[in-house]
Amino acid sequence: MGYQYDDQNIFAKILRGEIPNNTVMETEHCLAFHDIAPQAPTHVLVIPKGPYVTFDHFAQEASDAEIVDYVRTVGKICADLGVEADGWRLISNAGKDGVQEVPHLHVHILAGRVLGRMLEKA
């Protein structure tokens, strides 16, 4: 599958500094910030700085350095936020059926309340 990256998406604009964000952490390869419409008391988004559309696109085309940095950053954020004690959820939506709203890879770190079942029955 060919991935078409839209460099006008909101996360690309955040990375270029065109839109402000509430930064949690920034590394060489990724940026983490608080979601502007949080779905839980803790709701942080982590995005790679590279032009990746979905997690599978990232996994197939990102460099080893980008992948390691991204995964370790998620772990560091969870440790810094102290979410391990009561639990947390990591979500990455992909494509139309996955209800991906922004065509730039991002994961949601959600914590701070019981999050319910993973999926509602259709």
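Student: How many salt bridges does a search of the whole structure find?

Tutor: Four. Keep in mind that this is a predicted model.

Student: What makes Arg 16 and Glu 18 a salt bridge?

Tutor: Their closest N and O atoms are 2.7 Å apart. The cut-off for a Lys or Arg nitrogen and an Asp or Glu carboxyl oxygen is within 4 Å. The pair therefore qualifies as a salt bridge.

Student: Why are Arg 16 and Glu 18 called partly exposed?

Tutor: Arg 16 has a relative accessible area of 39%. Glu 18 has 49%. Buried means under 20% and exposed means over 50%, so values in between are partly exposed.

Student: How do you know that Glu 26 forms a salt bridge with Lys 49?

Tutor: The closest N and O atoms of Glu 26 and Lys 49 are 2.8 Å apart. The limit is 4 Å, so the pair counts.

Student: What does the pair of Glu 26 and Lys 49 tie together?

Tutor: Glu 26 lies in strand β1, and Lys 49 lies in the loop between β3 and α2. The pair therefore ties together parts that are 23 residues apart in sequence.

Student: Are Glu 26 and Lys 49 buried, partly exposed or exposed?

Tutor: Glu 26 has a relative accessible area of 51%. Exposed starts over 50%, so Glu 26 is exposed. Lys 49 has 32%, so Lys 49 is partly exposed.

Student: What makes Lys 76 and Asp 80 a salt bridge, and where do they lie?

Tutor: Their closest N and O atoms are 2.9 Å apart. With a cut-off of 4 Å, they form a salt bridge. Both lie in helix α3. They are four residues apart there, so about one helical turn separates them. Lys 76 has 44% relative accessibility and Asp 80 has 48%. Both values lie between 20% and 50%, so each residue is partly exposed.

Student: Why is Met 25 called buried?

Tutor: Met 25 has 16% relative accessibility. Buried means under 20%, so Met 25 is buried. Met 25 lies in strand β1 and stands opposite Ala 32 in β2. Leaving aside neighbours within four places in sequence, Met 25 has contacts that include Leu 31, Thr 73, Lys 76 and Asp 80.

Student: What makes Phe 58 and Tyr 70 a tilted pair?

Tutor: Their ring centres are 5.1 Å apart. Ring pairs need centres within 6.5 Å. The planes stand at 55 degrees. Stacked needs under 30 degrees and edge-to-face over 60, so the pair is tilted. The pair links distant parts of the chain, with Phe 58 in helix α2 and Tyr 70 in helix α3, 12 residues apart.

Student: Are Phe 58 and Tyr 70 buried or exposed, and which cluster do they belong to?

Tutor: Phe 58 is buried at 2% relative accessibility. Tyr 70 is buried too, with a relative accessible area of 2%. Together with Tyr 52 and Phe 55 they form one aromatic cluster.

Student: How do you know that His 106 is buried?

Tutor: His 106 has a relative accessible area of 6%. The cut-off is under 20%, so His 106 is buried. His 106 is found in the loop between β4 and β5. Not counting residues up to four places away in sequence, His 106 touches residues including Phe 11, Val 46, Tyr 70 and Gln 100.

Student: What does the side chain of His 106 reach?

Tutor: The side chain of His 106 reaches the backbone oxygen of His 104 at 2.7 Å. A polar contact needs N or O atoms within 3.5 Å, and 2.7 Å falls within that.

Technical notes
Residues are numbered from 1 along each chain as its sequence is written. This is a predicted model: local features need pLDDT of at least 70, side-chain atom pairs count only at pLDDT 80 or more; totals for chains, interfaces and linings use all residues. Side-chain values use heavy atoms; hydrogens and water are left out. Helices (H or I, at least four residues) and strands (E, at least two) are DSSP runs, numbered from the N terminus. Buried means under 20% relative accessible area, exposed over 50%, partly exposed in between (1.4 Å probe, protein chains only). Contact means heavy atoms within 4.5 Å. A salt bridge is a side-chain nitrogen of Lys or Arg within 4 Å of a carboxyl oxygen of Asp or Glu. Two strands pair if DSSP finds at least two bridges between them. Rings of Phe, Tyr and Trp (its six-membered ring) pair if their centres lie within 6.5 Å; planes under 30 degrees apart count as stacked, over 60 as edge-to-face and the rest as tilted. A polar contact is a pair of N or O atoms within 3.5 Å; within protein, one must be able to donate a hydrogen and the other to accept it, and residues adjacent in sequence count only if both atoms are side-chain atoms.
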